[in-house]
Number of protein chains: 2
Amino acid sequence: MAKPSPTHAGNPVLVKLGGSIKAIREAKGLSQESVALVSGIDRSYFGGVERGEYNVAVINLEKIAVALGVSLKDLFKK
Amino acid sequence: MAKPSPTHAGNPVLVKLGGSIKAIREAKGLSQESVALVSGIDRSYFGGVERGEYNVAVINLEKIAVALGVSLKDLFKK
């Protein structure tokens, strides 16, 4: 399982994206465990994505979007 | 410079995103060279992103969006 990327942890773009993912997840009443399971992403990695610790790539983002039932575009606030 | 990721090259999500980036770039009359230069991304890597060859991560996408003068959200079609 990937360790937090110290270089990127806390990057404002990642923190904003992670916050958006968390807000969508919570609005749908889903747990981190269930979204991680459905998306096939490691649970603690997913938690780190929500905290803005990982410079997550598009294919994992797509998996998360599908698990949340939204489009990739929806993960990004304007 | 990263070699094309055979695992991901041609992935529909990446091809769609790359096509969207290319369409925005061309609509603004920008060259790959100029966008790569402004975003600080290797020119041939950027070409590969447009062709859907790389599973590009968020921070590079943000750099590309800034260089194109759009938001991250705008890079993703609905």
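## Basis of the values

The model is predicted, so local features need pLDDT of at least 70 and side-chain atom pairs count only at pLDDT 80 or more, while totals for chains, interfaces and linings use all residues. Residues are numbered from 1 along each chain as its sequence is written, chains are lettered from A and ligands numbered from 1 in the order in which they are written, and side-chain values use heavy atoms, with hydrogens and water left out.

## Fold of chain A

Chain A has four helices and zero strands, in the order α-α-α-α from the N terminus. Helices (H or I, at least four residues) and strands (E, at least two) are DSSP runs, numbered from the N terminus.

Along the principal axes, the C-alpha atoms of chain A fill a box of roughly 30 × 30 × 20 Å. Among contacts (heavy atoms within 4.5 Å) in chain A between residues at least 6 apart in sequence, 65% join residues at least 24 apart.

## Surface of chain A

Of the 78 residues in chain A, 50% are buried. Buried means under 20% relative accessible area, exposed over 50%, and partly exposed in between (1.4 Å probe, protein chains only). Chain A has an accessible surface of about 3800 Å², with 59% belonging to carbon and sulfur atoms; such areas come from the Shrake-Rupley method with a 1.4 Å probe, and for residues only the protein chains shown count as cover.

## Interface with chain B

In chain A, 19 residues are in contact with 19 residues of chain B. The area buried between the two chains is about 1700 Å², and carbon and sulfur atoms give 71% of this.

Phe76(A) is found in the segment after helix H4 (58-68) of chain A and is buried, with a relative accessible area of 4%. Not counting residues up to four places away in sequence, Phe76(A) touches Leu17(A), Ser20(A) and Leu61(A), as well as Leu72(B), Lys73(B) and Phe76(B). Its C-alpha atom is separated by 8.4 Å from that of Ile21(A), 55 residues apart along the chain.

Ser20(B) lies in helix H1 (residues 12-27) of chain B and is buried, with a relative accessible area of 4%. With residues up to four places away in sequence not counted, Ser20(B) touches Asp74(B), Leu75(B), Phe76(B) and Lys77(B).

Technical notes
Buried area = accessible area lost by both parts, 1.4 Å probe.
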